[in-house]
Structures are given as C-alpha cells and as structure tokens.
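Dear colleague,

Please find the structure below, handed over for your reference. A short account of the findings follows it.

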Amino acid sequence: MSFNNIIVESVEGITTITFNRPKALNALNSELLAEFAQAVEAVANDEAVRVLVLTGAGGKAFVAGADITELAKLDTLKAKVFINRGLSVINRLTELPIPVIAAVNGFALGGGLEIAMACDFIYASEAAAFGQPEIKLGLIPGYGGTQRLPRIIGAARAKELLYTGRMIKAQEALALGIVNRVTAPEALMAQVMATAREMAGMGRVSLRATKQAVNFGLNVDLATGLRIETDAFALCMASSDAKEGTSAFLEKRKAAFKGGLLQ
Ligand code: CAA
C-alpha cells in the first residue's frame, strides 16, 4: 500500500505508522485521516502484526491537530462528518487487539493529543509539547479530548488545560500521568522499539485479553470489572499460549508463544 500522507513500515511484527505532512506539522486533513483509517484497518486484519507504533515525521511534530484550513470551511453538517471520520479511526485504535504506543517526538496538540491518548501509552521526547488548544479557536476538542483527558489526569487538571488551551512540556505531561516515559529526542524510537519488542514476544491471546479487561473494566464498576477479568482469565487458559507459558516455566526454558487455541 502506498500513501501520500503517512508512511507504514513493518519490522519483526512491529508496524510503525508515521504521520507524514511535516510542512503542516502533520496536521490531520481528510486525505491523511482516510489513509490512516486504511492503514489501521490493515493492521487490524494482519495477524503477523504484534505491536503498532505511531509517530510523526519531520522532527518537530507528532501531530499539531486537525487541519485548521479544512476546519475553517466546515458548516455544521460537514463538521459532524469530519469529526465522525476522525473519531471512528481513533476508536478503532482502542479496539485493536494489540498494544499501540504513541512515540511523541514534538507537538501533540488537539487531535494529535487525542490520537496519542487513544493509544495504550505514550513515550515522549524531551522536545515534545502537549495541549488541547481548541478553545483558542473558539472550538472544543472533537476527537475525545474532553472525555479522555479528564479520565487520565482528573477533571480539575483537565479543565485547566481545556479552558486555557495551555501547552505543556514533556516533563509536566510525565508528572500529570499523560506520558509514561520521557527520553532524549534521539533515544525516543530506540526506547519505544525496545518496549515494543518486549511486548511482541508475549502471547497474542493474553495481550488481547489484558487490553480488553483494562479497557472494558475502566468503564464499569469494580465488581463487573473483576468478572470481566475472571472470564478473560478462563479464556486464556484455553489458549496454546497459556499451555506453552506455564510449561516453559516448569521446564525452565523461554516460552515460544504461537497465539492459537488449544487443539
Ligand atoms: N492545521 C493546519 N496547518 C497547521 C496546523 C494545523 N493544526 N498546525 C500547524 N500548521 C502549519 C502552519 O500553518 C504553518 O504553515 P505555513 O508554513 O504554510 O504557514 C506550518 O504548519 C508550520 O507551523 P508554524 O509556522 O505555526 O510553526 P510554529 O513553530 O511557529 O508553531 C504551533 C507551532 C504552536 C504548533 C502552531 O503551528 C500552532 O499553534 N498550530 C495549531 C495548533 C492547534 O490549534 N491545533 C488544534 C487544531 S483543532 C483540532 O485538533 C480539533 C480536534 O480536536 C479535532
């Protein structure tokens, strides 16, 4: 597949999608969003992909938000289409059965932060900056910022960022819990790939079950969440990965996970 606005590369089961409109700081226009949706769908349908990494080209930005030149021309109905198109690919990211890491190398603003927050976790370079600046455009976030940011950092902290549109640096994002790890810019991808490789070596079935238990569990009460976990645990026991993992431990060897159900 060849694209104009993204680059897709796969190495050893790790696929990287790089947002590639550096002249516009990788802002999300309709064409980029359509290509991103196509690439995410391809990842969803490819069993060989074990981990997805998202990053931005050009060294200055992850994604500086939705493309404001396009936004400025939208009427109410078109705005709904534009938002739904972006939101559906962002939701698809959260539903992927594999881990998704955002490698934030620069500006992650508006829709850029919203994409990063929809990933399982974020690693950032010291040069990264985060914010939901939509209020300065007379708008509000449209790709989940009013919902995901408060769930990650709490309502009061999120409201301060949402009401002011203030941009924060990587270290503050780390302190707030938006980001898991901050590295030197030149070390970012190596760190991300090291963690991606670690996860890619785990069992497909248990990775998917873990992701689903966390994601579904966050939206329900604790008792229901614990039930989700119990069912997911039992399902894992039916996998060849559970058989292989427990056998490997007892036989004092490294597990080689294949990701199937017990035959
Ligand atoms: N849309 C379209 N173009 C953008 C853009 C965006 N979101 N962000 C940057 N660009 C373009 C600039 O217009 C500029 O293009 P030209 O060279 O043709 O003038 C180019 O990228 C470089 O940007 P700057 O010259 O502005 O670079 P800077 O270093 O001075 O500033 C910045 C960087 C602070 C990120 C600044 O570009 C900026 O504030 N960008 C807008 C950020 C923003 O408001 N994002 C939210 C968008 S709305 C949204 O995302 C809604 C939603 O939730 C779905």
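**Surroundings of the ligand**

Around the ligand there are 22 residues, of which Lys60, Ala66, Gly111, Glu114 and Glu134 come nearest; a residue counts here if one of its heavy atoms lies within 4 Å of the molecule. This is a predicted model, in which local features need pLDDT of at least 70 and side-chain atom pairs count only at pLDDT 80 or more, while totals for chains, interfaces and linings use all residues. Residues are numbered from 1 along each chain as its sequence is written, and side-chain values use heavy atoms, with hydrogens and water left out.

Polar contacts are pairs of N or O atoms within 3.5 Å. An N or O atom in the side chain of Glu114 is 2.7 Å from an oxygen atom of the ligand. A polar backbone atom of Gly142 is 3.0 Å from an oxygen atom of the ligand. On its own, the ligand has 980 Å² of accessible area (Shrake-Rupley method, 1.4 Å probe), and the protein covers 62% of this.

**Strand 5**

Strands are DSSP runs of E with at least two residues, numbered from the N terminus. Strand 5 (residues 100–104) is largely enclosed by the rest of the structure, because five of its five residues are buried, that is, under 20% relative accessible area (1.4 Å probe, protein chains only). Val100, Ala102 and Val104 cover one side, and Ile101 and Ala103 the other.

Two strands pair if DSSP finds at least two bridges between them. Strand 5 runs parallel to strand 3 (residues 51–56), with three bridges, and Val53 stands opposite Ile101. Four bridges join strand 5 to strand 7 (residues 121–125), also in parallel; there, Phe121 is the bridge partner of Ile101.

Conventions: Buried means under 20% relative accessible area, exposed over 50%, partly exposed in between (1.4 Å probe, protein chains only). A polar contact is a pair of N or O atoms within 3.5 Å; within protein, one must be able to donate a hydrogen and the other to accept it, and residues adjacent in sequence count only if both atoms are side-chain atoms.
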